[in-house]
Amino acid sequence: MNPKVGTLPALPNYIGGERVVSSSVRRLVVTKPTTGEGIAEVPLSSAAELDDAVARAQRAQVDWGNTGVKDRVQVLFRLKALMEAQVDQLARVITEENGKTLPESRGSILRAIECLEFASSFPQLTPGPLLEVSPGVECRSIRSPLGVTAGITPFNFPMMVPLWMAPNSIASGNAFILKPSEQTPMSSLELARLFEEAGLPPGIFSVVHGDREVVEAMCDHPGIAAIGFVGSTTVAKAVYSRGCGNHKRVRALGGAKNHLVVVPDADPEMTASNVIASVTGCAGQRCMAASVLVAVGDVEPIIERIRSGMAKVVAGRDIGPMISAAARDRVYEYLDRAGEKVVLDGRRQVDAGVPAGGFFCGPSIIDHASPDDAWSCDEIFGPVLTIVRCNNLEEAIAIENGSPYGNAAAIYTSSGGVAERFVQGASAGMVGVNVGVPVPREPFAFGGWNDSSFGDGDLTGESAIEFWTRSKKVTGKWTQSGAQNWMS
Ligand code: NAD
């Protein structure tokens, strides 16, 4: 039973290198998804508390921005070593508050470490160009920090998504204020501890917990120069509009509805195991998860393998719970509405031994769906696969293109020509060929298209260097020549 607010210890904010008790009277209970028990309380900070964090970050950023990039990234090297040494301990915190399995938590940390490796390479990646533009006159471009920056992150990868942003921003010479999901706030305090142990000066990494109030205050705050956002499309759009309206840089990644296309020449075993992993991993709560299977022509044997394979996946044994009772009940609502089209019902695939209060839900399949059905269009964000059938590859591409989202899409085929036609035709920022979770690894950038992303470019990879810095163009003349021209 979920305890009432006021009965559990409240988590602190992390401001100016100190753990600060929030003055806010608004709090939420953080629940452990495997049992439904309350494990902590998270303060919903006020705009005034954000103001304090920004003021302290601004003071700290002056020296940090003047520190050379080679020195700045030393902190990230130390952070990487600390994370590698503590990976099991960190994974336990993620699993406690998010519910994903320990191997999934560990995997997300290893992926986050790759982001640290990328940011640690900034001395090699960021030297600007230099050109003698006329005799004795040189133009060069240098990258300057923006000042104080912010990141707003979702519940589903509470350590990895903050590390898509913080290392790149901090290596660029900025201070970074994280507003983590109020559903998974504990991992962010682990990050604060690790940054501290790695020797980051106080005020360069901060954590301000909260909800809409503090997010809106971030969008409005004149002391914040740039915001990275990752979450649902509705909030991504709102943050993008409000932040840009206040002349900030905003890059906002939103929700997804990822289509996986299966054609008759696909390898049955590999395709089935890959699709099952994509649908069920992290209980379907990944923005890269398979959501719609587009079956081209007769692929019944592959569909049957997927169905029978998913029927063996049991929540509580093979996959973790969903984040909350509300998230699980939302899946149930779609299954109720889909009625007889439900050919595999995850409500029956929960291990008998799971705690009664846990938010477990096994994998489901809704078959013979129309591309216009709600379960074909809406982001359900749970372990649910909708199957839509069509006659040929062009129809499949049209179905994928019809989605307003554009995060990921994948094709399963043994034909290079078919794969290439799909790669060219898919309206998605991240495309897989025989890969159901086509996450681009560093240095390739992570980011979708359409309603899955607002703002130009991507959040990680090379785009990140552009996003977290501003360029300064310097024109210098050192010649002693008396020759004069219009540049003199
Ligand atoms: P969410 O949009 O509910 O929350 C994300 C962040 O926004 C949180 O920090 C939350 O506190 C804040 N927030 C929530 N409602 C707000 C409001 N009305 N005004 C201002 N701020 C608000 O997302 P979530 O449920 O935490 O995460 C799941 C979503 O994130 C899914 O849609 C998933 O696809 C998406 N996601 C996308 C990516 C990507 O790279 N595109 C990656 C991970 C997750």
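Guide: Domain 1 (46-132 + 141-254 + 452-470) and domain 2 (258-433) each contribute at least three residues to the shell around the ligand; the domain bounds come from an automatic or database domain assignment. This is a predicted model, in which local features need pLDDT of at least 70 and side-chain atom pairs count only at pLDDT 80 or more, while totals for chains, interfaces and linings use all residues. Residues are numbered from 1 along each chain as its sequence is written, and side-chain values use heavy atoms, with hydrogens and water left out.

The shell holds 26 residues, and Lys179, Glu182, Ser232, Gly254 and Glu379 come nearest to the ligand; a residue is near a molecule if one of its heavy atoms lies within 4 Å of it. By class, the shell has 14 nonpolar, eight polar and four charged residues. Here Ala, Val, Leu, Ile, Met, Phe, Trp, Tyr, Cys and Pro count as nonpolar, Asp, Glu, Lys and Arg as charged, and the others, Gly among them, as polar. Both α8 (212-220) and β10 (224-230) supply at least two residues of this shell; helices (H or I, at least four residues) and strands (E, at least two) are DSSP runs, numbered from the N terminus.

- A polar backbone atom of threonine 153 is 2.8 Å from an oxygen atom of the ligand.
- For lysine 179, an N or O atom in the side chain is 2.6 Å from a ligand oxygen atom.
- For glutamate 379, an N or O atom in the side chain is 2.6 Å from a ligand oxygen atom.

The ligand taken alone exposes 840 Å², and the protein buries 86% of that. Accessible areas come from the Shrake-Rupley method with a 1.4 Å probe; for residues, only the protein chains shown count as cover.

On a 1 Å grid over the protein atoms alone, a cavity is a set of points where a 1.4 Å probe fits but cannot get out, and a pocket is an open set with protein on both sides within 12 Å along at least five of seven lines; lining residues have an atom within 4 Å of a point. Grid points are joined across faces, edges and corners, and a volume is the space filled by probe spheres set on the points.

The second largest pocket holds about 300 Å³ of space. Its lining has 16 residues, with Val69, Arg72, Thr126, Ile142 and Arg143 nearest the centre. β6 gives the most to this lining, with five residues.

There are three cavities of 30 Å³ or more. The largest cavity has a volume of about 100 Å³, and its lining of 14 residues has Gly284, Arg286, Ala289, Ser291 and Phe381 nearest the centre. The second largest cavity, of about 50 Å³, has among its lining residues Asn98, Lys100, Phe155 and Cys282. Because domain 1 and domain 2 both give residues to that lining, the second largest cavity lies between them.

Technical notes. A polar contact is a pair of N or O atoms within 3.5 Å; within protein, one must be able to donate a hydrogen and the other to accept it, and residues adjacent in sequence count only if both atoms are side-chain atoms.
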